[in-house]
Amino acid sequence: MMLTVLIVLVILIAFWGLRVVQQYERGVIFVLGKLVGAKGPGLFWVVPWISRMIKVDLRIVTLDVPPQEVITRDNITIRVTAVVYFYVVDPTAAVVNVMNFFEATTQIGQTTLRNILGQSELDELLAERKKINQELQEIIDEYTERWGVKVTAVEVKDIELPETMQRAMAKQAEAEREKRAKIIHAEGELQASTQLAQAANVIASQAGALQLRYLQTLTEISVEKNSTIVFPLPLDIVTPFMEALKQNGHQEGITQSLRHTDGPRDMPRR
């Protein structure tokens, strides 16, 4: 009877000391409070009652940093959210060197986020996001290295601006677009004037070029089926009439000026 009880007790102790650790886990074992090391993955046995095992997950952890109120270097209050990616590379250090490596990484992520973003201006935060993410990752990883935690990436997810700042930035963007539009329009006018001057020189060098241009314009107008008919009149026909009118007007002006300067004459006596 005693032998049976002893055998059952041995079997219970054997089963009581069995431990199973998954492929993505490691078991940090303490015997009488002394660190033995990390074991796993698989099935192994530890001494019951005097041994304690703490499982540590080695998979990448996605940590959402709670929204943080940050005052930038140019005194603008923003609300920032971020995400931190990390995993445990040394299970023993993650258990022995820090009480709760997950909570510690969360707190260091929040404080580092406020410090780094507080030293930057708003334009820098919006334009150089990649540089800031890299700086955050390096600083946080430097703190967590002694905890056996490796930070692989830090990403600033969202930056919330006050409504007044959003309106101001919208006005600035609109003014910038208007500025670009005016510059492009002015450049187009300059190029058009240059091309027109070159075209005028070419037309002036050929006597019949202008007449051909008139005929081409008439053809383009007639395609639209307009009720108005435009007939181009060559300038060489109109020029003599214009010169004759100018000469007649000039002579009449001289005659009127002479009449005004001579004054009234005395009538001859009979």
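Author: Happy to. Two strands are said to pair if DSSP finds at least two bridges between them. Please keep in mind that this is a predicted model.

Let us look at the E2 and E3 side. E2 and strand E3 (residues 34-39) run antiparallel and are joined by five bridges. You can follow two of the pairs by eye: Phe-30 stands opposite Leu-35 in E3, and Ile-29 has Gly-37 in E3 as its bridge partner. The hairpin of E2 and E3 has two residues between the strands, and in this hairpin Leu-32 takes a positive phi near 55°. As background, side chains in a regular strand alternate between the two faces of the sheet.

Now for the nonpolar cores. The largest has 33 residues, and those touching the most other members are Ile-78, Val-80, Val-84, Leu-113, Leu-117, Leu-136 and Ile-159. Strand E2 (25-31) is among the elements that each supply at least two residues of this core, as are strand E6 (61-71), helix H3 (101-118) and strand E8 (149-160). E7 gives the largest share, six residues. There is also a second, separate core of five residues, which includes Ile-29, Phe-44, Val-46 and Met-53. Ile-29 is the residue whose bridge partner in E3 is Gly-37.

Not counting residues up to four places away in sequence, Leu-136 touches Thr-112, Leu-113, Ile-116, Val-154 and Val-156.

Finally, have a look at Val-88, which sits in strand E7 (residues 77-88). Val-88 counts as buried because its relative accessibility is 4%, and the cut-off for buried is under 20%. Leaving aside its neighbours within four places in sequence, Val-88 is in contact with Val-56, Asp-57, Leu-58, Ala-94, Phe-101, Gly-148 and Val-149. Phe-101 is 13 residues from Val-88 along the chain, and the C-alpha atoms of the two are separated by 9.1 Å.

Notes: Residues numbered from 1 in each chain as written. Predicted model: local features only at pLDDT ≥ 70, side-chain atom pairs only at ≥ 80, totals over all residues. Heavy atoms only, no water. Helix = DSSP H or I, 4+ residues; strand = E, 2+ residues; numbered from the N terminus. Buried < 20%, exposed > 50% of the residue type's maximum accessible area, 1.4 Å probe, protein only. Contact = heavy atoms within 4.5 Å. Core = buried A, V, L, I, M, F, W, Y, C linked by side-chain atoms within 4.5 Å.
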